[in-house]
Amino acid sequence: MFTGRKRDAIWKYFTEVKTDSKTLKVKCVNCQTQMSALVARMKTHFNKNCPGAGSSNNGDVDTPSFSSLKLT
Ligand SMILES: [Zn+2]
């Protein structure tokens, strides 16, 4: 049972990543950045560090456009 893991709204913007370790990781749907699956960390990333969230977080996150994929 996963009753201890609350599904915060922030999970809408992240997908779970399977790793070899026991630590669950998540990947940002906006910029593909991976990080530990900690809600506080995910929110900090989304609000401050995510290059794709600032301009495109007005709803349509179900269909990521991958517009942030830039080859530099
Ligand atoms: Zn991001």
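The buried residues of α1 are Met42, His45 and Phe46, where buried means that 20 or more other C-beta atoms, placed from the backbone, lie within 10 Å of a residue's own. Viewed along the axis of α1, these residues fall within an arc of 90 degrees, so they line one face of the helix. The model is predicted: local features need pLDDT of at least 70, side-chain atom pairs count only at pLDDT 80 or more, and totals for chains, interfaces and linings use all residues. Residues are numbered from 1 along each chain as its sequence is written.

**Helix**
- Helices (H or I, at least four residues) and strands (E, at least two) are DSSP runs, numbered from the N terminus.

**Sheet**
- Three strands form an open sheet in the order β1-β2-β3, with antiparallel pairing; strands pair if DSSP finds at least two bridges between them.
- The edge strands, β1 (14-17) and β3 (34-36), each pair on one side only.
- Between β2 and β3, the antiparallel pairing extends over three bridges, and Val26 has Met35 as its bridge partner in β3.

**Core**
- Eight residues make up the largest nonpolar core: Tyr13, Phe14, Val26, Cys28, Val29, Met42, Phe46 and Cys50.
- Both β2 (25-28) and α1 (39-49) supply at least two residues of this core.
- A nonpolar core is a set of buried Ala, Val, Leu, Ile, Met, Phe, Trp, Tyr and Cys residues joined through C-beta atoms within 7 Å.

Terms used
A residue is buried if 20 or more other C-beta atoms lie within 10 Å of its own, exposed if 12 or fewer, and partly exposed in between; C-beta atoms are placed from the backbone. The arc is that of the directions from the helix axis to the C-beta atoms.
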